[in-house]
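Q: Please take a close look at one part of this model, starting from a single residue and its surroundings. Then set that part against the rest of the chain.

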Amino acid sequence: MADAMNVLKEFFDMQAEDTKSGTVPQSKGYIYTNSTDYAKDGVHLWRENIKHTCHPLEECIHLWPDKPTRYQEVIAAYIVEIQKLSSRILEIICEGLGLKQGYFKDTSEVQLLSSNFYPPCPDPSLTLGILPHYDPSLLTILYQGGATGLQVMKDNQWVNVGAIPNAFVVNIGNQLEIISNKKLKSVKHRVVTRTHETRLSIATFVNPSPDCVIEPAKILVSEQEPSLYTASQYKDYVRRNNAFGEYTAAIQNALR
Ligand SMILES: O=C(O)CCC(=O)C(=O)O
Ligand SMILES: [Fe+2]
């Protein structure tokens, strides 16, 4: 975990030196953004971000940044562990919902990494690190080191998520809400900025493969509890909801 954080910090430090403002959206590879492009973003978020797909690992690893030189090796090792962790968590959720073993195998194949670097912000009242949103994933495994800033919506109030070093935050995403027919609820969250602290986070979205049909599990639907969602292929869901904002198309291409 520490290695992954270090290599991402180095990556963000290198961008500060040699990247033009705005974005490097590529149809394959990775997407780096540093919201300094006011006009285009509309909202000025206080963060830099890198996104790339991690599945299948052996096919996409060479499309990731090659500087710092250890990036590919370190992040691949991190992703392999995250994949094991998310499979375990999904097995337990599966059991908890009373679904048959292995129910999530096909729906949890694709990992998408999204890492954010939030510099200190001179006036946190003026901007956010990331706007309130729900994750379009099945699950999100978030590592935030010991940093604060993440908040979740609970009973109509923003609640700070404790900054526990060496702990992962596990967010339920929209797909798990659909499959569980809302027994599990996708969590609304945001990141606030801090005057003196930096924040580096690594979110790994555990996503269904694009063709996978997502719908409430049959066993969770009955006359008393009718289905609350219609079936949809994950790729259609992503397109319809513009799930990754202006990078939706680039990410869809990368996942193909
Ligand atoms: O940077 C964070 O801690 C939050 C990231 C997040 O919510 C996201 O990428 O969806
Ligand atoms: Fe999120």
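A: Glu177 touches Ile172, Lys182, Leu184, Lys185, Ser186 and Tyr229, with residues up to four places away in sequence left out; a contact is a pair of heavy atoms within 4.5 Å. This is a predicted model, in which local features need pLDDT of at least 70, side-chain atom pairs count only at pLDDT 80 or more, and totals for chains, interfaces and linings use all residues. Residues are numbered from 1 along each chain as its sequence is written, chains are lettered from A and ligands numbered from 1 in the order written, and side-chain values use heavy atoms, with hydrogens and water left out.

Glu177 sits in helix H5, residues 174-179 (helices, H or I of at least four residues, and strands, E of at least two, are DSSP runs numbered from the N terminus). Because its relative accessible area is 12%, Glu177 counts as buried (buried is under 20%, exposed over 50%, partly exposed in between, with a 1.4 Å probe and protein chains only).

Glu58 belongs to helix H3, residues 57-60, and is exposed because its relative accessible area is 62%. The C-alpha atoms of Glu58 and Ala76 are 9.1 Å apart, at a separation of 18 residues along the chain.

His55 and Pro56 are joined by one, with omega near -10°, and Pro56 is in the loop between strand S3 (48-53) and H3. Another cis bond joins Lys67 to Pro68, with omega about -5°; Pro68 is placed in the loop between H3 and helix H4 (71-97).

Backbone geometry is also of note at two asparagines. Asn156 has a positive phi of about 65° although it is not a glycine. Its place is the loop between strand S7 (150-154) and strand S8 (157-160), where Asn156 is exposed because its relative accessible area is 74%. Asn242, likewise not a glycine, has a positive phi of about 50°. Asn242 is in the loop between helix H6 (234-241) and helix H7 (248-255), and it counts as partly exposed because its relative accessible area is 45%.

Thr193 is another buried residue, so classed because its relative accessibility is 7%. It is found in the loop between strand S10 (189-192) and strand S11 (199-207). Neighbours within four places in sequence aside, Thr193 is in contact with Trp46, Cys121, Pro124, Thr127, Leu128 and Gly129.

Thr193 also takes part in the lining of the second largest cavity, together with Tyr118, Pro119, Thr148, Val191, Val192, Arg194, Glu197, Thr198 and Arg199 (a cavity is a set of points, on a 1 Å grid over the protein atoms alone, where a 1.4 Å probe fits but cannot get out; lining residues have an atom within 4 Å of a point). The volume of this second largest cavity is about 40 Å³ (the space filled by probe spheres set on the points, which are joined across faces, edges and corners). Over the whole structure, the search finds two cavities of 30 Å³ or more.

Tyr118, Val191 and Arg199, named in that lining, are also among the residues around ligand 1 (near is a heavy atom within 4 Å). For Asn116, the side-chain N or O atom is 3.0 Å from an oxygen atom of ligand 1. His133 places a polar side-chain atom 3.0 Å from a ligand 1 oxygen. For Asp135, the distance from a side-chain N or O atom to an oxygen atom of ligand 1 is 3.1 Å.

As for the whole protein chain, its secondary structure comes to seven helices and 13 strands. Of its 256 residues, 48% count as buried. Among contacts with a separation of 6 or more, 72% are between residues 24 or more positions apart.

How values were computed. A polar contact is a pair of N or O atoms within 3.5 Å; within protein, one must be able to donate a hydrogen and the other to accept it, and residues adjacent in sequence count only if both atoms are side-chain atoms. On a 1 Å grid over the protein atoms alone, a cavity is a set of points where a 1.4 Å probe fits but cannot get out, and a pocket is an open set with protein on both sides within 12 Å along at least five of seven lines; lining residues have an atom within 4 Å of a point.
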